[in-house]
Amino acid sequence: MAIVTLKEILDSAEAGKYAVGSFNVINYESVRGILDAAQLVRSPVILAIAQIQLDDVDFASIMNIMVHEAEKASVPVAVHLDHGLDFRTIQEAVRLGCSSVMFDGSALPLQENIRLTKQVVDYAHTRNVSVEGEVGEMGRGNGGEKPSMTDLEDAKKFVSETGVDALAAAFGTVHGMMRTKPALDLELLKRLHENVDTHLVVHGGSGLVLEDYRRMIERGIRKINYFTYGYRDAARALKTYIEANPDALYDELSFFIQEAFKEIFTGVMEAFGSAGQA
Ligand SMILES: [Zn+2]
């Protein structure tokens, strides 16, 4: 199975009424564990690296791992740049093999967000690369600020003028660790799905329970960015393992963490309904 675009993955998800997980990776172990999970349960999957992670991870090195492993996989894999913030990084992502890029202009005034996102779409689409945009700002769980909801009219205008393949919408989720359960505006989500001609994405899926995912998928969410709780659960599993095996060398821990990722993300793919769809 070759690497596929985000649009191909999300068109299938729309037809089958399920969502596909987008999982940020940090190293070889996380790439392997997530792809092992996807192949085990026959799920399409999105491997992502966010521009902010590139402060700590060399872009070309991690992309080589992602692209090489994705090409070997027996399920459809999109390789995605998450929260791209400038055109130069978008170009670099495409050059290194991303089949999908997100341009995050959500902090900009709408008209400027549209202008820059359109520039990214024009560049990416001629290279068969999908584009995700964002309207409305999601808050951060540990910052305590309230997210501003996506305005329906802004979203319609943004999608029709940019031609994005996917739209990250803000309807109550926040990034990072949650202190309290998020208040989701599911009615807004439903209206976005009915009125906006693109695939809908939710960021900041941590802190929700399985029932919340089911409700979001029913109302049109097709891509779920899931990071914090997956990595928290992997860390917890590793701590337990080290306590039980205090003399384990690092190579053993590295193999353990790959297995832990595989188990955790298998459960996530089942919850999103993408298991069995590849
Ligand atoms: Zn995000």
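Which helices and strands cover the buried residues of helix H7? In this predicted model, the cover includes helix H6 (152-162), strand E6 (166-169), strand E7 (199-202), helix H8 (210-218) and strand E8 (221-225).

Helix H7 spans residues 186-195, and its buried residues are Leu186, Leu188, Leu189 and Leu192. These residues lie on the same side of H7, because the arc they cover around the axis is only 155 degrees. An α-helix has 3.6 residues a turn, so residues three or four places apart point the same way.

Helix H6 can be described in like terms. Its buried residues are Leu152, Ala155, Phe158, Val159 and Thr162. They cover an arc of only 125 degrees around the axis, which puts them on the same side of H6. The cover over the buried residues of H6 includes H5, E5, E6 and H7. H6 is in turn among the elements that cover the buried residues of H7.

**Packing of H2 against H10 and H3**

Helix H2 (residues 28-40) packs with helix H10 (residues 250-272) and also passes helix H3 (residues 59-72). The table sets out the geometry of each pair.

| Helix pair | Angle between axes | Axis separation |
|---|---|---|
| H2 and H10 | about 40 degrees | 7 Å apart |
| H2 and H3 | roughly 20 degrees | within 10 Å |

Angles under 35 degrees count as roughly parallel, and H2 is therefore roughly parallel to H3. H2 and H10, by contrast, are oblique to each other. The crossing of H2 and H10 is right-handed, and H2 also passes H3 in a right-handed crossing.

On the H2 side, the contact with H10 is made by Tyr28, Glu29, Ser30, Arg32, Gly33, Ile34, Asp36, Ala37, Ala38 and Leu40. The H10 side contributes Tyr250, Ser254, Ile257, Gln258, Phe261, Lys262, Phe265, Thr266 and Met269. By class, this contact of H2 with H10 holds 10 nonpolar, 5 polar and 4 charged residues.

Towards H3, the residues of H2 that take part are Tyr28, Val31, Arg32, Leu35 and Gln39. Their partners in H3 are Ile65, Met66, Glu69, Ala70 and Lys72. The contact of H2 with H3 comprises 6 nonpolar, 1 polar and 3 charged residues.

**Positive phi values in two loops**

Most residues other than glycine have a negative phi. Arg42 is not a glycine, yet its phi is positive at about 55 degrees. This residue is in the loop between H2 and strand E2 (45-50). Arg42 is partly exposed, with a relative accessible area of 30%.

Asn128 also has a positive phi, near 55 degrees, and is a residue other than glycine. Its place is the loop between helix H5 (110-125) and strand E5 (130-135). With a relative accessibility of 58%, Asn128 counts as exposed.

Leaving aside residues up to four places away in sequence, Asn24 touches Ala48, Ile49, Ala50, Gln53, Asp82, Phe227 and Tyr231.

Note on methods: Residues are numbered from 1 along each chain as its sequence is written. This is a predicted model: local features need pLDDT of at least 70, side-chain atom pairs count only at pLDDT 80 or more; totals for chains, interfaces and linings use all residues. Side-chain values use heavy atoms; hydrogens and water are left out. Axes are lines fitted to C-alpha atoms, for helices over the stretch in contact, and angles run from 0 to 180 degrees between N-to-C directions. Helices (H or I, at least four residues) and strands (E, at least two) are DSSP runs, numbered from the N terminus. Angles under 35 degrees count as roughly parallel, over 145 as roughly antiparallel, 65 to 115 as roughly perpendicular and the rest as oblique. A crossing is left-handed if the near helix is turned anticlockwise from the far one by less than a right angle, and right-handed if clockwise. Contact means heavy atoms within 4.5 Å. Ala, Val, Leu, Ile, Met, Phe, Trp, Tyr, Cys and Pro count as nonpolar, Asp, Glu, Lys and Arg as charged, and the others, Gly among them, as polar. Buried means under 20% relative accessible area, exposed over 50%, partly exposed in between (1.4 Å probe, protein chains only). The arc is that of the directions from the helix axis to the C-beta atoms.
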